[in-house]
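Biologist: Could you walk me through this model, with the cut-offs spelled out as we go?

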Amino acid sequence: LQEPFDADEYIERLAWRTPGGGSKGGAEAFDPKRLLEEFKNHIEELKFLDERIQRRVEKLEQQCQKEAKEFARKVQDLQKSNQVAFQHFQELDDHISYVATKVCHLGDQLEGVNTPRQRAVEAQRLMTYFNEFLDGELRSDVFNNPDKIKEAADIIQKLHLIAQELPFDRFADVKAKIASKYHDLERQLIQEFTAAQRRGEIARMREVAAVLLHFKGYAHCVDVYIKQCQEGAYFHDDIFEDTALLCQRVNKQVGEVFSSPETIMAKLIQNIFENKLQNFVRDKLEESRKTDAEQYLKDLYDLYTRMTALASKLTEFNLGTDKQTFLSKLIKNIFSSYLENYIDTEREYLKSRSTMILQRYYESKHHQKRTLGAGGIQDLKERIRQRTNLPLGPSIDTHGETFLSQEVVVNLLQETKHAFERCHRLSDPPDLPKNAFSIFLLLVDYLCVDHIDYALEIGLAAIPSADSKNANLYFLDVVQQANTIFHLFDKQFNDHLMPLIRTLNCMVGQMKHILATEQKKTDFKPEDENNVMIQYTNACAKVCAYVNKQVERVRNSMDGKNIDTVLTELGVRFHRLIHEHLQQFTYSSMGGMLAICDVAEYRRCAKEFKVPLVLQLFDTLHALCNLLVVAPDNLKQVCSGDQLTNLDRNLLHGFVQLRADYRSARLGRHFS
């Protein structure tokens with residue numbers, strides 16, 4: 001790179017190169033004239049060089065201008081060419097669109113011609129095969145080649161449908177032959193499916209299941225699949241864990257094999273519950289039911305708890321819409337015979353166990369319980385006054401024994417605690433308060449009356465007279481121990497009984513009161529159908545406000561799993577209350593819409609519970625309310641929808657019967 005031009009340095013170099021132009025003390029003396037002459041000559045050279053460069057610059061500028069004009073001309077030519085090409089492209093695009101329209105039209109015409117032709121060809125083909133059955137000789141390769149079983153199945157299935165429409169008297173023989181071939185192919189397909197399942201060939205299973213879908217034996221194919229799925233699945237000691245693992249494994253596979261995997265999963269679970277689990281529960285409980293009440297109650301509680309835990313795991317699978325109701329019904333079918341008289345067994349066991357605990361204690365003290373007069377703790381003050389002011393007869397000598405035992409009390413409270421736990425798990429929600437209170441009354445009888453009250457009576461009888469010498473006041477020891485014991489009794493009362501009989505019942509009772517006082521029959525059957533301006537009823541608004549407040553109180557009062565447990569129970573009761581409440585009314589078209597709006601608001605309220613089960617219950621209820629407004633011709637379609645298809649038809653029919661037009665529109669025929 002050249003350095004920037006410096007005039008002073010340039011002149012200095014020029015003077016240095018000129019003889020006599022150097023500084024003083026140089027080889028030659030300084031000669032200004034010679035230096036001036038050199039400067040003049042150099043200036044002339046620079047002028048000449050400047051002129052030559054200027055001419056070159058002008059030449060380059062002219063050449064640049066010429067080339068710029070040429071480039072501009074070429075750009076204009078290219079723009080013109082581009083416009084022409086774009087115009088041609090538009091013309092081509094219009095032509096292609098025109099041709100495509102013609103082709104589509106022609107395709108529609110061809111399809112209109114081809115579809116009847118295909119039907120005619122198919123009919124001719126079926127007639128040919130039908131003639132073979134009529135002649136009694138199956139000559140076609142499709143019926144004799146095992147590799148064409150899929151094609152043969154399609155043909156025989158169609159022939160079977162046709163044969164059902166033929167008169168029996170003229171075509172009895174051919175109908176029998178077709179039916180025989182139909183069942184033969186059906187059996188072969190099921191055998192092929194079974195073999196494929198044993199080999200683990202998912203693709204072949206899917207192919208055969210798709211063919212069998214149109215056969216009557218499809219249900220048998222599903223049964224075979226369910227049976228083989230369970231082979232070798234139960235090899236652990238825990239049948240419930242094995243069931244969960246089996247369902248997880250099948251759930252991954254069933255979607256690859258069947259077109260409706262949720263139905264197959266539901267049938268598998270139903271089969272397991274009604275056979276494997278029901279037999280297991282029966283064998284476990286029947287053994288101890290008549291011989292060992294304690295073991296029977298423990299086993300019943302354990303099995304029911306594990307069964308409900310299993311059902312909770314199974315809700316993660318797609319079983320249709322109302323899987324919670326489906327699983328609850330299966331559990332109820334297994335345990336109903338044991339739960340219907342559960343509380344009687346519980347009370348009888350608690351009586352015998354409490355009696356034995358007390359009896360063993362008094363026997364260990366070598367004490368024969370006395371039959372004391374009426375009175376008890378309520379007469380304590382009067383008895384003491386009498387002992388103080390009146391002369392007494394001979395008193396009882398207790399030898400310092402209080403006849404109170406914390407060990408006995410702990411055992412009684414422990415047995416009652418277990419009874420409360422079983423009662424909470426095994427009682428129907430409506431019967432829970434009553435059952436829990438009956439257990440509590442037994443505790444009062446055996447702990448308070450038979451033990452504490454008896455000890456106080458003995459202690460009172462053992463108080464010496466006022467003039468006795470060296471009297472030992474053991475009664476104060478009795479009072480002290482009785483006070484301690486009663487604190488334990490009070491703690492169990494608050495910890496185990498009160499939660500079962502008061503809080504949730506009070507909440508649900510308040511909801512019921514709001515609905516009873518605020519909901520009017522005209523809400524769902526308004527006099528003026530065209531003048532309904534509200535989004536939801538006043539009763540719904542007040543119930544939702546109350547429920548939201550109670551949910552917040554529960555969350556602020558508890559922690560951990562206790563919150564989920566209480567909110568689940570409250571949510572289920574909330575849903576049951578609304579479900580039963582809605583069935584008390586008759587609904588016009590607009591009233592049905594308002595009921596849907598109410599349930600939508602209840603569902604929004606249920607979201608605050610943050611419990612999937614509760615939200616699912618209200619989703620199903622919302623779908624049920626659609627039956628109140630759907631057009632009569634669409635009832636069957638709505639009932640077979642995803643959310644309602646697995647519900648009991650009686651339940652669906654019950655909701656349809658709430659419609660004001662049920663009789664006039666003859667809606668009952670859809671459920672006959």
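**Rings and a buried helix side**

Modeller: Gladly! Let us begin with two tyrosines: Tyr361 and Tyr362 are both buried (under 20% relative accessible area; over 50% is exposed, in between partly exposed; 1.4 Å probe, protein chains only). This is a predicted model, where local features need pLDDT of at least 70, side-chain atom pairs count only at pLDDT 80 or more, and totals for chains, interfaces and linings use all residues. Residues are numbered from 1 along each chain as its sequence is written, and side-chain values use heavy atoms, leaving out hydrogens and water.

Biologist: What kind of pair do the rings of Tyr361 and Tyr362 form?

Modeller: Rings of Phe, Tyr and Trp (its six-membered ring) pair if their centres lie within 6.5 Å; planes under 30 degrees apart are stacked, over 60 edge-to-face, the rest tilted. Here the centres are 5.2 Å apart and the planes stand at 65°, so the pair of Tyr361 and Tyr362 is edge-to-face.

Biologist: And how are Phe524 and Tyr587 arranged?

Modeller: Their centres lie 5.0 Å apart. With 45° between the planes, the pair of Phe524 and Tyr587 is tilted.

Biologist: Is Phe524 buried or exposed?

Modeller: We look at its relative accessible area, which is 0%. That makes Phe524 buried.

Biologist: Which residues of helix α22 are buried?

Modeller: Helices (H or I, at least four residues) and strands (E, at least two) are DSSP runs, numbered from the N terminus. In α22, residues 649–656, the buried ones are Leu652, His653, Phe655 and Val656.
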